[in-house]
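Please work through the following exercises with the sequence and the structure side by side, and try each task before reading its solution.

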Amino acid sequence: LPDLKDKVALITGAGSGIGRATAVLLARQGMKVCLADLKDERLEETKQEIASAGGQAITVDIDVSDPGRVAQAFEQVAKTWGQLDMVFANAGINGVLAPIEDMEPEDWDRTLSVNLKGTFLCVKHAIPNMRENGGSIVITSSINGSRAFSNFGMSAYSSSKAGQVAFAKMAALELAQYRIRVNVICPGSIKTNIGENTQPTPELEKIKIPVKYPEGSQPLEHAPGQPEQVAHLVAFLASDASSHITGTELFIDGAESLL
Ligand code: NAD
């Protein structure tokens, strides 16, 4: 595992799932971590877990779609540690699942605001903090960003995830001059709490299409992946071990996307 000693990271969605597992791993490898999530007792639990393992963490409650709150979170990191080496733009929701004809524009907007605008805002505010010394930005997209998924009604989610991939590539090009690397990870099904932020509608019945394989099946493990498996990929991308990797889309899905 890479040594991340004395580096500083800001991680969104750190209260649960992939964000929490990554925060815990990065802190174990010596990183100081700013845990950002909606105000929630789970955020404190992540902090406790890190503290009891001897790591350093602060929490900041944030809605990633709110420009003012995102700006404040980055100010907080600068004030606390005076540096920023890594940003994990990971917070996301499945949101409302509905057939396109029944999707309410405000539900579409919410999913795009959290997943895509939230990513943009985090990268925007990372730049002034990283411009001088370079750094690594990792964005959590999904295999949904490049293919249709077996959960119907995810047109907004998939659009947001595809948008993140395009955005990451533009950002990688634009920020290379500052030695800020930007990569995007595309997990397949991972066992997390994302179901809590998933709102299926009864209208989904209208678009039941036969699927090629049961949901969650992955050739490598025949089960959803674990958040800790994703965390190891992020730790590599955060470290200097990946110093020549930028603008890349990395699938971590046990070959689910190949089915
Ligand atoms: P999760 O629900 O366990 O964790 C997501 C965290 O994001 C939660 O703690 C939640 O409170 C936080 N969050 C939601 N909206 C927010 C907002 N507006 N501002 C700040 N924080 C917010 O889910 P997860 O699976 O760990 O999701 C992490 C990322 O992984 C998401 O971007 C998701 O789209 C992506 N992803 C997940 C899977 C999967 O199968 N679980 C697959 C592919 C991609």
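**Exercise 1.** Find which strands helix α5 lies across, and the angle at which α5 runs to β7.

Solution. Begin with helix α5, residues 155–175, which lies across β6, β7 and β9. Next, take its direction: α5 runs at about 165° to β7, where axes are lines fitted to C-alpha atoms, for helices over the stretch in contact, and angles run from 0 to 180 degrees between N-to-C directions. Helices (H or I, at least four residues) and strands (E, at least two) are DSSP runs, numbered from the N terminus. Residues are numbered from 1 along each chain as its sequence is written. The model is predicted, so local features need pLDDT of at least 70 and side-chain atom pairs count only at pLDDT 80 or more, while totals for chains, interfaces and linings use all residues.

**Exercise 2.** Determine the order of the strands in the open sheet of seven strands, and explain which strands stand at the edges.

Solution. The order is β3-β2-β1-β4-β6-β7-β9, with parallel pairing; two strands pair if DSSP finds at least two bridges between them. Because β3 (56–61) and β9 each have a single partner strand, they stand at the edges, and one side of each is left without a neighbour in the sheet. From one strand to the next, the twist averages 20°.

**Exercise 3.** Describe how β7 is joined to β6 and to β9, and decide whether the faces of β7 are covered or open.

Solution. First, strand β6 (residues 135–140) runs parallel to β7 and is joined to it by six bridges; I137 stands opposite V182, and I139 stands opposite V184. Then turn to β9 (residues 249–252), which pairs with β7 in the parallel sense over four bridges, with F251 of β9 as the bridge partner of C186. Finally, look at the two faces: I180, V182, V184 and C186 on one side are buried, as are R181, N183, I185 and P187 on the other, where buried means that 20 or more other C-beta atoms, placed from the backbone, lie within 10 Å of a residue's own.

**Exercise 4.** Explain why V234 is classed as buried, and find which residues V234 is in contact with beyond its sequence neighbours.

Solution. Locate V234 in helix α6, residues 227–238. V234 is buried because 28 other C-beta atoms lie within 10 Å. Leaving aside neighbours within four places in sequence, V234 is in contact (C-beta atoms, placed from the backbone, within 7 Å) with T22, F88, V138 and I185. V234 and V184 are 50 residues apart in sequence, and their C-alpha atoms are 9.7 Å apart in space.

Notes
Buried ≥ 20, exposed ≤ 12 C-beta atoms within 10 Å, placed from the backbone. Contact = placed C-beta atoms within 7 Å.
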